[in-house]
Amino acid sequence: MSEPPTLPVTFRPGHTRAILLTAGAAIFVTISGVALLLEQLGPGEKLSFVLTGALIFWVLARLARVKVVAEESGVTVVNIAGERHLEWAEILQVNLRPGDPWVFLNLSDGTSLPALGIQPGIARQRAIADARALRALAEARAIHDPEQHQG
């Protein structure tokens, strides 16, 4: 097994992020441009076009913000709707199985947290390497308490 990366480290889908932000900007510019070029539209209608373009950009920017930040204090998972900080001891397992859309973190409370910042969509090999790096970090920082696993 290779050495875990030096902390802090941020994992995010770079290609997907670039595509989403570029598409969002292009859509905003196009819709706004169309609104300004259509002379038969009133000011309110033009404004609604611009606001629609801005809303589409905002949604795509929210999709592009996903990341996983590993620090000494733990891991912060930033997904589309929010973020959650986990202590290293809370992460029992880092999973990226074939067919998974992103990494899942199995947690000590019995739940699983999706970590959208590591996703094999466009850059599969990078996502696999990132998942392995996060797994190595979690294993290196895990607190192995035999009392914890007795039921």
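**The antiparallel sheet**

N95 stands opposite F104 in strand 6. The model is predicted: local features need pLDDT of at least 70 and side-chain atom pairs count only at pLDDT 80 or more, while totals for chains, interfaces and linings use all residues. Residues are numbered from 1 along each chain as its sequence is written, and side-chain values use heavy atoms, with hydrogens and water left out. Helices (H or I, at least four residues) and strands (E, at least two) are DSSP runs, numbered from the N terminus.

Strand 5 and strand 6 are paired in the antiparallel sense over four bridges; two strands pair if DSSP finds at least two bridges between them. Strand 6 pairs with strand 7 as well, antiparallel and over four bridges, and in strand 7 the partner of V103 is A115.

**The hairpin and the two faces of strand 6**

Strand 6 and strand 7 form a hairpin with four residues between them. Within that turn, G110 has a positive phi of about 90 degrees. On strand 6, the covered face consists of V103, L105 and L107, whereas F104 and N106 make up the uncovered face.

**The nonpolar core**

The largest nonpolar core has 25 residues, of which F11, A70, W88, I91, L105 and L134 touch the most other members. Strand 1 (9-11), strand 2 (67-71), strand 3 (74-78), strand 5 (91-95), strand 6 (103-107), strand 7 (112-115) and helix 3 (124-141) each give two or more residues to this core. Helix 3 supplies the largest share, seven residues. Such a core is a set of buried Ala, Val, Leu, Ile, Met, Phe, Trp, Tyr and Cys residues joined through side-chain atoms within 4.5 Å. Buried means under 20% relative accessible area, exposed over 50%, partly exposed in between (1.4 Å probe, protein chains only).

F11 is in contact (heavy atoms within 4.5 Å) with K67, V68, A70, G117, I118, D130, A133, L134 and L137, not counting residues up to four places away in sequence.

Q119 is placed in the loop between strand 7 and helix 3. Its side chain reaches the backbone oxygen of L116 at 2.6 Å. Apart from its neighbours within four places in sequence, Q119 is in contact with P13, T16, V66, P101, W102 and A127.

**Helix 1, helix 2 and the loop between them**

L41 belongs to the loop between helix 1 (14-37) and helix 2 (43-64). L41 counts as buried because its relative accessibility is 16%. Beyond its neighbours within four places in sequence, L41 has contacts with A35, K46 and F49. A35 itself lies in helix 1 and, at 0% relative accessibility, also counts as buried. With residues up to four places away in sequence left out, A35 touches L41, K46 and F49.

The C-alpha atoms of L41 and I91, which are 50 residues apart along the chain, are separated by 55 Å. Those of A35 and L63, 28 residues apart along the chain, are separated by 25 Å.

**Salt bridges**

Side chains of opposite charge can pair when their charged atoms come close. A salt bridge is a side-chain nitrogen of Lys or Arg within 4 Å of a carboxyl oxygen of Asp or Glu, and by this rule there are four. One of them joins E72 and R141 at 3.5 Å, N to O. E72 lies in the loop between strand 2 and strand 3 and R141 in helix 3, so this pair ties together parts that are 69 residues apart in sequence. E72 is exposed at 57% relative accessibility, while R141 is partly exposed at 25%.

Another links R84 and D109, with the closest N and O atoms 3.9 Å apart. Because R84 lies in strand 4 (residues 83-86) and D109 in the loop between strand 6 and strand 7, the pair ties together parts 25 residues apart in sequence. R84 is partly exposed, at 32% relative accessibility. R126 forms a further bridge with D130, the closest N and O atoms being 3.4 Å apart. Both lie in helix 3, four residues apart, about one turn of the helix. R126 is partly exposed at 42% relative accessibility, whereas D130 is buried at 12%.

Note on methods
Polar contact = N/O pair within 3.5 Å; in protein donor to acceptor, adjacent residues only side chain to side chain.
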